[in-house]
Amino acid sequence: MNMLQGAPWLLAHRSMLAVNKPFKVSLYGNDYVLWKDAGGNINALENMCPHMGAMLSEGWCEAKPDGTSRIVCPFHALEFDRAGCTILPGSNKQTLPQLAQLELIIQGDFIWSYGGYEPQVSIPNILNEIAANYDLVGHTGDCSVETDLRSMLLNMHDYNHQNGTHRELFKITEVQFEKFVDEGHHSHAYYQMPIAPSTVWEKLKNPPLFLMPKLMSAHLENHFPHLVIFHSDMPAGTVAQCHFFIPESEGRTRTYVLLFAQPKHPAFHLMKQQFLDVVKVVVEQDAAILNNIYPNAPQKIKLNNEVGMDWVHRNFDSFPLVVSPLRSKIG
């Protein structure tokens, strides 16, 4: 269960799929191609053409008069419908399905999958609530990192790394941990981060610093194992920064961010792209540190405020069950 089979994974948001453009995803060591037709239908097939193994995600989509479309192999231009059927050259008969479909669960604009496994953890409703009350700013930081899922989650729940890994970006001087609330596969972490003063030149190079408070209050809402939401209230607006994790294989994990906001200041709209760019840098910095960690290194020392990491280990080792002790902590 090192990839936590039976958990739901958010493969994409509808906004990430252009109409009739292939989109490759990987899950549990298997590759799939997703595409959205003109009618808004989302299709998903295994990515390997059954003829000579070409990647269908490197092909294109052929639109049909009824608004549907077919994925086309880039090697010999074979067209496959959403069921994985094709018509061979010189034949007017449709074949039986030649490609396995990936089962999707679509909730509004959110595209989930259990990867063919029996569900062990339910899909949280929090994203539907956020979508109903926040504006979608966009997606960013979509990358595949050469690390296992557990290491990725440990990094995201390490509340001591901001003033190391991200020190130059945000000029965080320390992390003032307040409390951690453990509710099984759901938890909350609260802390504050003082921001060092910035010169005008530093702010011009990194415009979001103009809108940063002197003390950033952070609330992380965690849904094991697939989602961390960074809730933040800034002068420019209230932000819900949603980080997603997908086990592509045992040693490779995909991550990306959907940014939602309730703008309070017109400047937020003007700086929307800058905010997305900053979040992208955060993801890139996390990915870089994960690529420079020795795998399976023994942890000989322990820092304070590692309660989030303990929460990850506990849930990972007992998945899909939740076992005691719960790890709530104040201060």
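Is Ser318 buried or exposed? Ser318 is buried, with a relative accessible area of 12%; buried means under 20%, exposed over 50% and partly exposed in between, with a 1.4 Å probe and protein chains only. Welcome to a predicted model, in which local features need pLDDT of at least 70 and side-chain atom pairs count only at pLDDT 80 or more, while totals for chains, interfaces and linings use all residues. Residues are numbered from 1 along each chain as its sequence is written, and side-chain values use heavy atoms, with hydrogens and water left out.

**Around Ser318**

- Ser318 belongs to helix H8, residues 307–318; helices (H or I, at least four residues) and strands (E, at least two) are DSSP runs, numbered from the N terminus.
- The Ser318 side chain reaches the backbone oxygen of Arg314 at 2.9 Å.
- A polar atom of that Ser318 side chain also lies 2.8 Å from the backbone oxygen of Leu321.

**Two cis peptide bonds**

- Phe319 and Pro320 are joined by a cis peptide bond with omega near 5°, and Pro320 sits in the loop between H8 and strand S17 (329–330).
- The bond joining Phe224 and Pro225 is cis as well, with omega of about 0°.
- You will find Pro225 in the loop between S13 and S14.

**Positive phi values**

- Leu4, a residue other than glycine, has a positive phi near 55°.
- Leu4 lies in the segment before strand S1 (9–13) and counts as buried, at 0% relative accessibility.
- Tyr28 is not a glycine either, yet its phi is positive at about 55°.
- The loop between strand S2 (23–27) and strand S3 (30–36) holds Tyr28, which is buried with a relative accessible area of 10%.

**Enclosed space**

- Searching the whole structure turns up 3 cavities of 30 Å³ or more; on a 1 Å grid over the protein atoms alone, a cavity is a set of points where a 1.4 Å probe fits but cannot get out, and lining residues have an atom within 4 Å of a point.
- The largest cavity holds about 440 Å³ of space, where a volume is the space filled by probe spheres set on the points, and grid points are joined across faces, edges and corners.
- Its lining has 26 residues, and those nearest the centre are Phe170, Met216, Phe230, Gln241 and Val282.
- Elements that each supply at least two residues of this lining include strand S12 (186–194), strand S15 (237–249) and helix H7 (272–290).
- H7 gives the largest share, 5 residues.

**Open space**

- The largest pocket has a volume of about 760 Å³; a pocket is an open set with protein on both sides within 12 Å along at least five of seven lines.
- This largest pocket is lined by 22 residues, with Ser151, Leu154, Ile293, Tyr294 and Ala297 closest to its centre.
- Helix H2 (149–156) and H8 are the elements that give two or more residues to the lining of the largest pocket.
- H2 provides the largest share of that lining, 3 residues.

**On the surface**

- Val200, Trp201 and Leu204 make a nonpolar surface patch of about 370 Å².
- Patches are made of residues with over 30% relative accessible area and no salt bridge, joining like charges within 9 Å and nonpolar side chains (Val, Leu, Ile, Met, Phe, Trp, Tyr) within 5 Å; a salt bridge is a side-chain nitrogen of Lys or Arg within 4 Å of a carboxyl oxygen of Asp or Glu.
- Accessible areas come from the Shrake-Rupley method with a 1.4 Å probe, and for residues only the protein chains shown count as cover.
- Trp201 is in helix H5, residues 200–205, and is exposed, with a relative accessible area of 58%.

Notes: A polar contact is a pair of N or O atoms within 3.5 Å; within protein, one must be able to donate a hydrogen and the other to accept it, and residues adjacent in sequence count only if both atoms are side-chain atoms.
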